[in-house]
Each structure stands twice: as C-alpha cells, then as structure tokens.
Amino acid sequence: MLVGGPAGVDLPSVPKNTHTIGVQTDGPAEPEHAYGDANETSSTKLQGSTDLIRALFGRLYMDTKLWLEAQPNKLPTILMIALFGTVIFGFWYFNLQMKALKEQSQGGSQTSNSNRSGSNGSGGSGSGSYSEPIDYGDGEMRVGKINFNTQNVLGKGCEGTFVFRGMFEKREVAVKRILPGCFTLADREVTLLRESDAHENVVRYFCTEQDRQFRYIAVELCAATLQDYVDGKEPSTVSSLREKISALDILRQATSGLIHLHSLNIVHRDIKPQNILLSLPDYKQRVRAMISDFGLCKKLNYGKASFSRRSGVTGTDGWIAPEMQRGQRATTSVDIFSLGCVFYYVLSDGFHPFGDNLKRQANILSNEYDLSMLRRENTQPDCRTILAEEIVSDMIHVEPGQRPAAKAVANHPLFWSNARVLAFLQDVSDRVEKLDVMNEPLRSLEKNARFIVREDWSTYLDVEITADLRKFRGYQGYSVRDLLRALRNKKHHYYELTPSMQRALGKIPQQFTQYWISRFPRLLSHSYHALADCSREPIFKHYYNNDEDAEHASGSVPSQPSGYQFSKPSYFHVENNDNYELIRYYEAAQLMKNSTKSPKRRPTGADGPEGSTPERKLGMGGGGPNKRGTYNFGKSSGGGFITRQTGVRENAESTTYGMDDQRSSVVTNGITSEGRETISVEGNGNQRRRNTPGSGGDNHTVNQTNIKRRDVQTKVTWKLDSIASDKEKSNE
C-alpha cells in the first residue's frame, strides 16, 4: 500500500540524495542514464562522420562523372588519369618497400647476432644492442671484441667498404667496415661464410660487430691477393710467397674451394684475382689459396641447378660470363668461366684472354679471345702449355653446357704429379698392347701420330738408350704405341740399366717422367683424349673422375656427369687421319706371314687316319699351338729401328713377291751366309728349330718339312695347325 494524501494536495519534495524506506529513489539510476546518454552521443557522432564521408565520396563521384561526360575525348582522359595514379602508387610502394627492407636488415642482423655464442662478439651476445665504439687515439678503435687501427688500411671495396688490420681474441684478422647501405649484402655474406668456411680453401669467418654507424666483419688475415702475387706489387712478400706455393698449386686450391661452394649449392658470381687470397704461412710454412668476398654469392633454391635473370647482373666487368650479360638463366658454370679467365691471367703472368679493360666485356659477348701469351717465351710449347691451352679454352667456352664441372677441372692432367703421369702412360701402354691397329682405342691413339712422335721418336732419345732398346725387339719410330712401349720397358727394367743410362733417364718418377714428356710434349694430352672412351673402365676411372666424386647430399644440385668432360683436339674428328704408314706395315707383315707358312706332314698310322690333323704339343708340353702376339717383332739383322723409310721399303719388297708360285725363290734368296734357321716338324707333332751353316752359294735345297725364315725385320709366328689343310689343297 502506497502512502499518499488527499487529491489535489502536493507532496513535499524529497531531495535526490535522501533515502527513504519503501520508496525507490532515482539516485542509483542516474549514472546508468548518464552512461547511456554518452554512448548514444558517441554513436550519433560516428554515424554522422560516416554519413559525411559517404556523402563526400558520393558528391566527388557525381562531380567526376559529370566532368567526364562533359569532356569531348573520354578515353584518352581516362587513360591519362589512370597513368598518373599508377605513377603515384608506384612511388609510394617503392618507398614503403625500401623502409621495410631497411628495418628487416637491421632486425635480421640483430637476430643473427643474438643467435651467436658469446665468442662471436658483444654485438651478438643476444641483447641485439649496438656496441659503443671506444677510441684509444691515433686511430686505435675497439668495437665489441674487435680491435683495429683505422690508419692501417689493407684495402678498399665498393660502396665505401674499408678493410683494416685488426685483432680478435689475440688473433690477427682482417676487419671489413661496411656502410648501412650494404648491410643486406653483409648479412648474406656472413650467412654463407658461416656455412662454407669449414673448407681450407675458403676464407675463415670469426665474428660480426656493429655500432650506430657501421658493421664490422672479422675474417682470416691473409698475406696477399692473387693479383699481388702475379703483378709483384710487393717484391719482398711476393718473392717469399712464390717460394712456398707455385702458380699451379694456387689454381688447384682455388678450384678445390670452388668445388666446396658448388657442393653447397652456392654460386660465387664474382671470381677474380682480387677475391682469391693467399694465407700467411703456417707452422709448416705452407700457404693456402682461399676464395673470399661472398657479398654477391647466390644460394640456389632446393633442387634447382640454376637461377633466373631476376637475380640481376652481378660481378666485375671483364670477369662476367656471357650468359649473365644476356640475362639468360645461369648455373654454376658462370664461376667456371670466371675461373678460366683467372687461369689464363696467372699462367700468362697478368694477361687476360679477352684483351684490355676497354674491350674486354664486348669481346666476351662476341667470343673473341686470344691465348697466344701462353707461348710468349717459347713458340714450341711444352707439355704444360699445351694442357693449359686446352683447359682454358674449355672453361671459357661461350656455351655454358660445354664447360667442364669444377671437379673435372681439378682432375685435369694439368695438375697431375709426375708419378701420376707416369702411371697413366704405363696403363695406356698396357691397354693397347695387343689390339689391332684399326680397333679402338688404338686407332685413336695412332691418329695424328707424326705430330706426337715428331716424325720418328727414336731420333730424340739418347744413343745409348736406343741401342739398349734394339737388343730385345724392333720398334716403329712413327708409332705412338711403340713409344709408350719403350717408356714402359725402361721403367720396368730401370734397375737393370747401366749407371750411365740411369743418369740419362733420371730418377723415378720426377726426372724419368720429365725425360719423356719434355721430348714429346703432346704425348700426355694426346693419350688422355685418345683414351676418353675408356674413362669408365676401372683402370682409368680415377684418372678421369675425381676421387671424391660421391653422391650428393639430399637437396643439392643434381650430380653433373662424371668422366671425360673436355673437348678433343680437332684432329681427332678429321677423316682419313689414321696412321696409314703403320696400317700398311702391319698389313704387309700379315701378308708375309701368310705367304711363308710351313706345310705340314700328312699324319698316318698311329697319329690318326690319313687326312686328319692331330693335336700338336709345342715346346715344353704346351696345350696347343704357340700363338704369339701379332706385333711381337724381332730386331733386324742390321740391329736398327724400323723407321718410316725402312718400313716403306719393306712394304715395296713385300709386294714384289707372289703368294704361292714364287715361295721357293723367296725362301732360297733369303738364306744368309751366317746360317740358316729351320723348323722341323716331326711325325710325333713336336717342333724343333735349328741353325744350319751356309756355304755361301745358291745350291741349297729346301725340303718340304724344312723351310728357311726370311731375313726380314720381323719375327714370324708359325701357325702349324693349318699346315694339313694347306697340303691337302696343294695335292688336289
């Protein structure tokens, strides 16, 4: 029940803050009412702003539409407006991306520093903060754990990069100071260095520090660059280095470092003499060649063997592969091209295969190069010069697919030791010993033989050595196989030679190998190319494949084809370039061998039925006819070599005799005054050879079973198993 008064009587007013029992006051509801009013006011204002913006855009749209309808040429006007808007948007987007890239670079470097251990510098201790530089005066600076002197400059790079001599944890290092504009390249360089510096031919990375202006990278300190080594800018340092490491060792080690990078799918893209460093001598006085400057390196994506043109043209003019200039897809072969130019630069003492600086890059695009400076000291090239010309021309080939892989380059004969060269030539001699002259690989080995043996190889050896060779067999002076036979013979019987011959040949393997390849400089190159088809045979596999050629790790570049990857000299592809003199000689020898076969006695009685051919045992109970090698020739009666002139004369003599009707005259005229060698075939199948003194006259008779061997410069092999069939034909 409510308390009230009579009608028409006003109740007394109650203040809002007065609390009465049983009466609900408006005090507690006032805040809620006030809060709702505020929300309603804010929503009203927001709705009003939205309506205002909508009305503004609508008005702008309508005005623009009316303006366009009033224009006489609507389409060009619309295109101009769109172009103007696109330009404005492009500038805005480019500025936005540059800011984001800069922030990412700074943030990435701090993250990289935070992930390193404490030994990698205070800047990378994990705080992500900058290291405050400490100036000790006179150029002495300390940033984090790196100390250096700004007055001790080792070199300068692009974009304001300086290299100082410094210290890191009591170790001498080279400190690269990099400007903020190159921080992105610096981060990439550090990442790839940390991934690849485990190899001895890649420069070692130590740490990175950063202050508010620069970034500092500490790497291994080196004695000189390859350019200093070749140019000789510092005579004292260069002369000391040249005593400790040769030019070929530098090139071999640089190739080894490139093999390591390529195995990690890293393409360097800036191989040049300035980026190949020579280390300080270690405790054994050894100097290493190392690849440095990874700022332009490119990491190939997973499972990819090339990168696209979007990566841009990078490198130094005069050392860039032509496909990079043309914007084509590039592979690891771009490094092979640059390394080939470095090879020529070192071996020619500072010359470039594509000319001077002004025309160099244009000559690269037009494939105009000159390797003549390799022969500047001697027009008659030695073995090393020939090999250098071949490998450089393959490495700078205009077609990337024709360039050899880094592993093949490292295993080229240019880098072989004397012991390896000697072993290879012996294996080649063993491989072709019993082959027919028209069968491969002997046919290829005998191609262009007159250039390899220099017309007659026997005339270039010492007289005492040639006299010793002719004691045991005959050699053809125009045959490459016989030259290898002579080398193998002297190697196998080296300790049976007289002291004077050992001194002439020199000690095995260094001086002995040089004795042969200095007289026949094309022998090694020719043999290497001729046996290319045998590169996968077990005996030759390690000569043509890198010993470390194993399966690639998961995700690496697909394995490049192993084995022979070089271009053969042009004469291998010339038709009618066989050794026809040697072919004619062997054909004449075979013809003479067939024309002087001894007839067999027809076996009867216990030997078997008439007309049959019993099995004959020769010598000491051998298991059949003595089938000796076709080319096992004996020494001539005069004791001389079978050279080109004598071989041709022998061919002429052999063609003047008939096959059957003049056989007796050939035999009787061939008997000398010294004696007569006969082969007696007895009824029991045994063979007996004896010498019968001659009387000096022509009244000799020849029995059917005793026949004189012709006095020629070859040892004839008698095939006794075919005598019976020949005799049957003569009886018929």
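## Close-up views: cavities, pocket and surface patch

**View 1. The second largest cavity.** About 70 Å³ of space lies in this second largest cavity. Thirteen residues line it, with Arg269, Trp319, Ile320, Ala321 and Ser338 closest to its centre. Helix H8 (residues 333–347) gives the most to the lining, three residues. By class, six lining residues are nonpolar, four polar and three charged. The structure holds five cavities of 30 Å³ or more. A cavity is a set of points on a 1 Å grid over the protein atoms alone where a 1.4 Å probe fits but cannot get out; lining residues have an atom within 4 Å of a point.

The model is predicted: local features need pLDDT of at least 70 and side-chain atom pairs pLDDT 80 or more, while totals for chains, interfaces and linings use all residues. Residues are numbered from 1 along each chain as its sequence is written, and side-chain values use heavy atoms, without hydrogens and water.

**View 2. The largest pocket.** Its space is about 1,100 Å³. A pocket is an open set with protein on both sides within 12 Å along at least five of seven lines. Of 40 lining residues, Lys156, Val163, Gln274, Asn275 and Asp293 lie nearest the centre. The lining has 18 nonpolar, eleven polar and eleven charged residues.

**View 3. A nonpolar surface patch.** Phe89, Trp92, Tyr93 and Leu96 form it, with about 460 Å² of accessible area together. Areas use the Shrake-Rupley method with a 1.4 Å probe. Trp92 sits in helix H2 (residues 74–115). Trp92 counts as exposed because its relative accessibility is 51%, and exposed means over 50%.

Key:
Patches are made of residues with over 30% relative accessible area and no salt bridge: like charges are joined within 9 Å, nonpolar side chains (Val, Leu, Ile, Met, Phe, Trp, Tyr) within 5 Å. A salt bridge is a side-chain nitrogen of Lys or Arg within 4 Å of a carboxyl oxygen of Asp or Glu. Helices (H or I, at least four residues) and strands (E, at least two) are DSSP runs, numbered from the N terminus. Buried means under 20% relative accessible area, exposed over 50%, partly exposed in between (1.4 Å probe, protein chains only). Grid points are joined across faces, edges and corners, and a volume is the space filled by probe spheres set on the points. Ala, Val, Leu, Ile, Met, Phe, Trp, Tyr, Cys and Pro count as nonpolar, Asp, Glu, Lys and Arg as charged, and the others, Gly among them, as polar.
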